[in-house]
Amino acid sequence: MKRLFISDLHLQAERPDITRALRYFLSHIAPSSDELYLLGDIFEAWIGDDFADPVLKEIQPYFEALNRSGTSIYLMHGNRDFLLGKKSARKLSAELLPEQIKIELPKRGSALLMHGDELCIDDADYQAFRDQVRDPTWQQSFLEKSIEERLAIARKIRDESQQQNSNKEDYIMDVNIRFCEEILLKEECQILIHGHTHRPSIHTNINGNESLTRVVLGDWSSSGYYLLSNKKEFTLSKFEPPEDYT
Ligand code: LP5
Ligand code: MN
């Protein structure tokens, strides 16, 4: 069983280089895998399934082809695309996953998959914001607004978030390690795989506990990161499409 994990692509119409990296990944790297996991923030901002996102339209055939060739595709929400619904997941030939899921990695143990924002518990302002925007009533009233209004609100939140982030200390923007250990012990998992913090690495202990592993996936630009897990390998790699790839 060969599995691939990616996150934090932040696809957006203004960044064709990221879409190009994804097209290359889907057609040249992913086809040999049995399962592909997209662990959130695949899109820079998702304002509702009724917005005809041009990037989704461009990548849809690549996901369809991958799925048709035998790769199952799973999609988890991030803090930027949590409004992505079943309708758009279907367009990505993907099954929508809950916020947290446990899978078995043969010979390695149980792995807990998350986007990662829920692990940043020292960021009280963000967690309060998260509670608010994950509230179904709040989401409903947001989705009832016009596309233009939603785009403007999303832009405003983005700007505010960027401004606040520049004043936040480094550790606040990272996961809380004690919380990571606690959640793995509670869920009886040995491996945590998440994105969000944009600090790609494989940590072979968590809070001093050497029986636990934490994989942090990387954010994409003209190049991308993926975790490969099969019987022989457990590796985090960076790739870049060749120059002549269009
Ligand atoms: O993603 P990243 O790394 O930049 O920052 C996150 C946290 N920020 C966010 C906000 C996103 O960046 C923007 C989401 C836009 C898409 C949403 C579309 C749908 C919105 C409608 C929902 C129904 O998640 C950031 C964390 C950081 O990760 C590290 O963990 O620190 O958190 C913040 O910056 C949150 C702030 O601390 C508080 C939020 C301020 C928002 C104020 C809104 C004002 C605008 C109201 C308009 C009417
Ligand atoms: Mn994120």
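**Notes on the predicted model**

1. The accessible surface of the chain comes to about 12200 Å², and 47% of this belongs to carbon and sulfur atoms; the areas come from the Shrake-Rupley method with a 1.4 Å probe, and for residues only the protein chains shown count as cover. This is a predicted model, in which local features need pLDDT of at least 70 and side-chain atom pairs count only at pLDDT 80 or more, while totals for chains, interfaces and linings use all residues. Residues are numbered from 1 along each chain as its sequence is written, and side-chain values use heavy atoms, with hydrogens and water left out.

2. The radius of gyration is 18 Å, which agrees with the value near 18 Å for a compact globule of 246 residues; it is taken over C-alpha atoms, and the globule rule is 2.2 Å times the number of residues to the power 0.38. Of the 246 residues, 50% count as buried, meaning under 20% relative accessible area with a 1.4 Å probe and protein chains only.

3. The secondary structure comes to seven helices and eleven strands, where helices (H or I, at least four residues) and strands (E, at least two) are DSSP runs numbered from the N terminus.

4. The largest nonpolar core has 39 residues, and those with the most contacts inside it are Leu22, Phe25 and Leu36; such a core is a set of buried Ala, Val, Leu, Ile, Met, Phe, Trp, Tyr and Cys residues joined through side-chain atoms within 4.5 Å. Helix 1 gives the largest share of this core, seven residues. A second, separate core of 16 residues includes Leu39, Met76, Leu217 and Phe234.

5. Helix 1 is mostly covered, with ten of its 14 residues buried, and among what covers these buried residues are strand 1, strand 2 and helix 2. Leaving aside neighbours within four places in sequence, Leu22 is in contact (heavy atoms within 4.5 Å) with Ile6, Leu9, Leu11, Ile59, Phe63 and Trp220.

6. The structure holds twelve aromatic pairs, that is, rings of Phe, Tyr and Trp (its six-membered ring) with centres within 6.5 Å, counted as stacked if the planes are under 30 degrees apart, edge-to-face if over 60 and tilted otherwise. Phe25 and Tyr226 form a tilted pair, at 5.6 Å centre to centre and 50° between the planes, which links helix 1 to strand 10 across 201 residues. Both Phe25 and Tyr226 are buried.

Key: Chains are lettered from A and ligands numbered from 1 in the order in which they are written.
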